[in-house]
Amino acid sequence: MKKIKRIAVLTSGGDAPGMNAAIRSVVRTCAHYRIDCIGVFRGYQGLIEGDFVPMSARSVSSIINKGGTMLKSARSDEFRTKAGRKKAFENLKEAEIDGLILIGGDGSFTGGLKFNSEFNFPLIGIPGTIDNDIFGTDYTIGYDTALNTVVEVIDKIRDTASSHNRLFFVEVMGRDAGFIALNAGVGAGAEEILIPEENLGLERLLESLKRSKRAGKSSSIVVVAEGDKLGKNVFELRDYVEEHLPEYEVRVSVLGHMQRGGTPSCFDRVLASRLGVKAVELLLDGHSTLMVGIVNTKIESCPIKDAISGHHIINKELIRVSDIMSV
Ligand code: F6P
């Protein structure tokens, strides 16, 4: 097996707060083990274009507290083609890079695995996405910060909701997953939470809203995951409720990309720092196609193929708690 002397790191897919802390950790772990570290700009697209920069311990100073990613991110269509991946491989070889660390979500890992299967290039994944939808880790980098952002915003929305006796549908991110919606919903005291993993059905939603009225609530917050499977988007939900429950005055708030920005929480910074160290050490120990993660507070690893194909299950207990709280 070839000794690893130079590692490249990239961030790919949707950015997430804490990605900078992960880059910093990878770079500084490389410095610790006295191996070279190369930053790749704009994810896989930068690999294809050879957009590389040498990184030293000092080049990641003062980024631990910054949202976004200093290496930029992209969703590269060209990397989906064999020709694109070949160019990426040639650039890595030319730059004498021996291993790659991918910070991203399941789409990024799928691309990485394909790349590895074609060119046998050593790589390790670090889960970075606000969605928390990756199997093999209890938490992804960025999720905790996004939760805190969402809770803070819903607190503000509640002020205006209660001043006007209104019902608010608040749409939060999470393409196919309800982690943000469920946890932020419980944290912000939402009356109802709509997530793709648990199809409540429109009838039950109406029932629940009627119950809220009967219970004397003058305003309500319903948190809706963007990937919810009720078959209606938040605006259609508003129309539906206004039609069936005219006593409700409804407003919609789509939180959108603000959830991806901002200063990373302490939890995300610590998680990113721990995962970065482990990722570099796994590469140095000759491992490949593994994803690092945190399981029951311990840093572990699992095959990337499991991380992609497995399903990170939401905590049903939280649904029960939410139901009890919204009495
Ligand atoms: O995967 C992270 C995420 O923020 C999802 O929650 C959301 O559906 C998606 O990215 C949005 O992607 P984009 O910024 O490319 O529109």
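Start by selecting E191, which is buried at a relative accessible area of 8%. Keep in mind that the model is predicted.

**E191 and its surroundings**

E191 sits in the loop that runs between α6 (179-187) and β7 (192-194). Now show what lies around E191. Setting aside neighbours within four places in sequence, the residues in contact with E191 are R158, S212, K217, S219, S220, I221 and S326.

Select I221: its backbone nitrogen is 2.7 Å from a polar atom of the E191 side chain.

Next select R158. The side chains of R158 and E191 form a salt bridge, 3.7 Å from N to O. This pair links distant parts of the chain, with R158 in helix α5 (residues 143-163) and E191 in the loop between α6 and β7, 33 residues apart.

**Other salt bridges**

The whole structure holds 17 salt bridges. Move to K87 and E78, whose side chains meet in one of them at 2.9 Å, N to O. K87 is partly exposed at 39% relative accessibility, and E78 is partly exposed with a relative accessible area of 29%.

Then go to helix α11 (residues 316-325), where R320 and E317 lie three residues apart, about one turn of the helix. Their side chains are joined by a salt bridge of 3.4 Å, N to O. E317 is partly exposed, at 42% relative accessibility.

Finish by selecting R42, E49 and D51 together: salt bridges with shared partners connect these residues into one network.

Technical notes: Residues numbered from 1 in each chain as written. Predicted model: local features only at pLDDT ≥ 70, side-chain atom pairs only at ≥ 80, totals over all residues. Heavy atoms only, no water. Helix = DSSP H or I, 4+ residues; strand = E, 2+ residues; numbered from the N terminus. Polar contact = N/O pair within 3.5 Å; in protein donor to acceptor, adjacent residues only side chain to side chain. Contact = heavy atoms within 4.5 Å. Salt bridge = Lys/Arg side-chain N within 4 Å of Asp/Glu carboxyl O. Buried < 20%, exposed > 50% of the residue type's maximum accessible area, 1.4 Å probe, protein only.
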